[in-house]
Amino acid sequence: NTMTNTNWGLRAGDRTSASSLDTLTIDHNNASQFANWDDSLSNSFHHNGFFAWAESGGMLRNVKIYDNKFGPAWGIHTTGGVFMSGDFGSTQVYNNLFLDNANDAPSNGLISLWPHSGAGTGYQVYNNTIIGGGVGRGVYLTGGNGTGVTTFTVKNNLIYDVGTAIAQFNPESSTMVADYNLGNSLKPSEEYYVAGFLSPAQWKAMGFDAHGTSGAPNRSGSYVPQSGSAAIDTGTSLSSVFTDDIAGT
């Protein structure tokens with residue numbers, strides 16, 4: 001599907017505690033131009049490429065979001081390119097392309113996962129290409145509002161020209177494994193975040209991205225890494241999760 005000039009590209013949400021959805025796949029969609037729904041008076045319309053929530057007592061499980069293109073032109077009231085909140089689990093976000101215009105970015109992050117129940121695993125963010133506009137966050141993760149521990153895994157993402165590449169909020173109620181990611185052209189002193197901003201050196205000192213790189217991605221006009229790119233041969237095999245890239249290769 002191709003969707004333009006819409007407030008949300010796609011959405012799924014619960015209305016009552018009796019609502020449940022198990023197994024949802026969002027793939028091969030193109031959603032952009034959300035600024036058409038800007039309103040100057042309030043945040044009545046918060047824009048998203050894909051918005052999912054389970055906040056009325058229902059639950060959402062086994063979600064796969066892959067091979068999509070989200071953005072650009074997010075507008076002034078965007079919360080996330082992919083924005084998920086509430087009682088959801090077993091979610092994979094991979095092989096997607098996220099694009100920003102200059103100085104135009106979602107307020108939370110291009111990928112924003114907020115499992116309120118705080119009691120799940122299997123939140124995986126893999127192999128996404130994020131091309132920012134100099135501001136905002138690439139990946140925004142927060143577990144919380146519950147007594148359990150949420151586990152996030154973030155690998156093989158190419159994150160370029162955003163303010164903060166990866167941000168983990170509420171680390172007391174979530175754990176994160178982040179490795180093999182490329183973060184380049186990030187905002188100085190705000191490159192990463194775990195309960196406070198971290199430099200790349202501090203990020204690595206906390207045990208993140210031991211195999212990560214900050215080299216130039218050297219990409220083509222279609223965002224494919226070219227010869228000399230720091231992204232080539234610096235990832236890890238994720239073939240147990242998927243075998244093809246966004247182009248079907």
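Residues are numbered from 1 along each chain as its sequence is written, and side-chain values use heavy atoms, with hydrogens and water left out. Because the model is predicted, local features need pLDDT of at least 70 and side-chain atom pairs count only at pLDDT 80 or more, while totals for chains, interfaces and linings use all residues.

**Aromatic pairs**

Let's start with the rings. A search of the whole structure finds 15 aromatic pairs. Rings of Phe, Tyr and Trp (its six-membered ring) pair if their centres lie within 6.5 Å; planes under 30 degrees apart count as stacked, over 60 as edge-to-face and the rest as tilted. Two of these pairs are set out here.

| Pair | Centre to centre | Between the planes | Class |
|---|---|---|---|
| F88 and Y123 | 5.5 Å | 90° | edge-to-face |
| F169 and Y193 | 4.4 Å | 20° | stacked |

F88 lies in strand β9 (residues 88-94) and Y123 in strand β12 (residues 123-126), so their pair ties together parts that are 35 residues apart in sequence. Strands here are DSSP runs (E, at least two residues), numbered from the N terminus. F88 is buried at 1% relative accessibility, and Y123 is buried at 2% relative accessible area. Buried means under 20% relative accessible area (1.4 Å probe, protein chains only).

With 18% relative accessibility, Y193 counts as buried. Elsewhere, ring pairs join W8, F51, W53 and F83 into a cluster.

**Strand β11 and its partners**

Six of the seven residues of strand β11 (residues 109-115) are buried. Strand β8 (residues 78-86) runs parallel to β11, joined by six bridges, and G80 has G109 as its bridge partner in β11. Strand β14 (residues 137-142) also pairs with β11 in the parallel sense, over three bridges; here I111 stands opposite V139. Two strands pair if DSSP finds at least two bridges between them.

**The largest pocket**

The largest pocket holds about 760 Å³ of space. A pocket is an open set of points on a 1 Å grid where a 1.4 Å probe fits, with protein on both sides within 12 Å along at least five of seven lines; lining residues have an atom within 4 Å of a point. Of its 33 lining residues, N127, T129, N156, P225 and D245 are the closest to the centre of the pocket. The lining has 13 nonpolar, 17 polar and three charged residues, with Gly counted among the polar ones.

Terms used: Helix = DSSP H or I, 4+ residues; strand = E, 2+ residues; numbered from the N terminus. Buried < 20%, exposed > 50% of the residue type's maximum accessible area, 1.4 Å probe, protein only. Points joined across faces, edges and corners; volume = space filled by probe spheres on them.
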